[in-house]
Amino acid sequence: MTAGNANTDPQEIFDDKVAREIRIEPKDWMPDKYRQTLIRQISQHAHSEIVGMLPEGNWITRAPTLRRKATLIAKVQDEAGHGLYLYSAAETLNISRDEMLAQLHSGKAKYSSIFNYPTLTWADIGAIGWLVDGAAIMNQVPLCRASYGPYARAMVRICKEESFHQRQGFEILLTLSRGSSPQRHMCQDAINRWWWPSVMMFGPSDDQSPHSAQSMAWKIKRFSNDELRQKFVDVCAEQVKLLGMTLPDKDLQWNATTEHYDFGPINWQEFWDVVNGNGPCNRERLEARVKAHEEGQWVRDAAIAFAAKQNDSIRKKNTADVAA
């Protein structure tokens, strides 16, 4: 493209930027479907961070030591911060936070199905850190190179903190794996219950995923669901050996030809049951979020009133300064 023959077609300019790895920014022209895809993905990601606080928050008052309690509080606070970063990124796409929350509370918007499983023991907090946060990292690190600028930049800090969360979870399981027989049993039981839901976190197989191909073409996603899932299995199959535990998959074995681990069939019926609202804790999680939102209305009202009062004071001071 020469200076004298500048391209003014917005679609072509958009396509050229994506092809050349130039970030799309909020004021840039973008296709409506690109915008809607980002709203769906980023808001779902934000909802998942906020709802994801619930299963772990359940154990703050029951953590076994003061150090564990303080660390878990910090982790849950991190998840709240991640949700706020992501809601802010989504708001740059001309959707309000109130609208996103209304979609969540009505059941129209989805969040990660993994958070619809219960945390039955302290070992579950370790399994969430190692497996759930580990799967999240596998998904999210490539998003640091997403084509939409605000999303990519938000993911940089989120991924740094999620990496710490994953190590924290593994350390909890490592401690249990070196403990008493009941502690080792608790560790293995948590791994057994969280393994397959974590494998499902990457979404449907590529041939059943309606959004993946276009998201990859737009460079929102960098890898397919099945590629990321395979990387996750390969990593965990080695890490579990350090725990002296096993993954609950009789078909898990190293394939020298593909240089990857083969693994057993995924129960997609369970996946879709949970996604469609029929998981162990779907209703409980949504009710908790709606209740917290309603009970927090006075805080939002107070913050708005305070901001208005501050703005009024500034306006009066500026008026007085001009008059003087």
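Colleague: Which residue does glutamate 56 form a salt bridge with?
Modeller: Lysine 75. The closest N and O atoms of the two are 2.4 Å apart. Keep in mind that this is a predicted model.

Colleague: Where do the two sit?
Modeller: Glutamate 56 is in helix H3, residues 53-57, and lysine 75 is in helix H4. They are 19 residues apart in sequence, so the pair ties those parts together.

Colleague: Is glutamate 56 buried or exposed?
Modeller: Buried. Its relative accessible area is 2%, and buried means under 20%.

Colleague: And lysine 75, buried or exposed?
Modeller: Lysine 75 counts as buried, at 2% relative accessibility.

Colleague: What does glutamate 171 pair with?
Modeller: Arginine 68, through a salt bridge. The closest N and O atoms there are 2.6 Å apart. This pair links distant parts of the chain. Glutamate 171 belongs to helix H7, residues 149-177, and arginine 68 to helix H4. They are 103 residues apart.

Colleague: How accessible are those two?
Modeller: Glutamate 171 is partly exposed, with a relative accessible area of 29%. Arginine 68 is buried, with 11%.

Colleague: Which residue forms a salt bridge with glutamate 295?
Modeller: Lysine 291. The closest N and O atoms are 2.9 Å apart. Both residues are in helix H12, residues 282-295. They are 4 residues apart, so about one helical turn separates them.

Colleague: How many salt bridges does a search of the whole structure find?
Modeller: It finds 20. There is also a network of salt bridges that links Glu21, Lys219 and Arg222.

Colleague: Tell me about glutamate 21. Where does it lie?
Modeller: In the loop between helix H1 (10-19) and helix H2 (32-51). Glutamate 21 counts as partly exposed, at 46% relative accessibility. Its phi is near 60 degrees, which is a positive value in a residue other than glycine.

Colleague: What about asparagine 94? What is its phi?
Modeller: Near 70 degrees. That is a positive value too, and asparagine 94 is not glycine. Its place is the loop between helix H4 (66-91) and helix H5 (97-106).

Colleague: Is asparagine 94 buried or exposed?
Modeller: Exposed, because its relative accessibility is 68% and the cut-off for exposed is over 50%.

Colleague: New topic: lysine 221. Where is it?
Modeller: In the loop between helix H9 (212-217) and helix H10 (225-243). Lysine 221 is buried, yet it has no salt bridge.

Colleague: What is the nearest side chain of opposite charge?
Modeller: Aspartate 206, and it is 6.1 Å away. A salt bridge needs the nitrogen and oxygen within 4 Å.

Colleague: What does the side chain of lysine 221 make a polar contact with?
Modeller: The side chain of serine 212, at 3.0 Å. Leave aside its neighbours within four places in sequence, and lysine 221 is in contact with Ser212, Ser215 and Met216.

Colleague: And glutamine 214, which helix is that in?
Modeller: Helix H9. Glutamine 214 counts as partly exposed, at 39% relative accessibility. Its C-alpha atom is 8.9 Å from that of tyrosine 34.

Colleague: Zoom out for me. How many helices and strands does the protein chain have?
Modeller: It has 13 helices and 2 strands. The C-alpha atoms fill a box of roughly 80 × 55 × 30 Å, taken along the principal axes.

Colleague: What share of the residues is buried?
Modeller: Buried residues make up 46% of the 324 in the protein chain. The chain exposes about 17000 Å², and carbon and sulfur atoms supply 56% of that.

Colleague: What about contacts along the chain?
Modeller: Take the contacts between residues at least 6 apart in sequence. Of these, 75% join residues at least 24 apart.

Colleague: Last one: how many charges are there?
Modeller: The protein chain has 39 positive and 40 negative charges. Their mean positions are 6 Å apart.

Terms used: Residues numbered from 1 in each chain as written. Heavy atoms only, no water. Buried < 20%, exposed > 50% of the residue type's maximum accessible area, 1.4 Å probe, protein only. Lys, Arg positive; Asp, Glu negative; His and termini not counted. Polar contact = N/O pair within 3.5 Å; in protein donor to acceptor, adjacent residues only side chain to side chain. Contact = heavy atoms within 4.5 Å. Areas by Shrake-Rupley, 256 points an atom, 1.4 Å probe, with all protein chains shown as cover. Charge placed at Lys NZ, Arg CZ, Asp CG, Glu CD.
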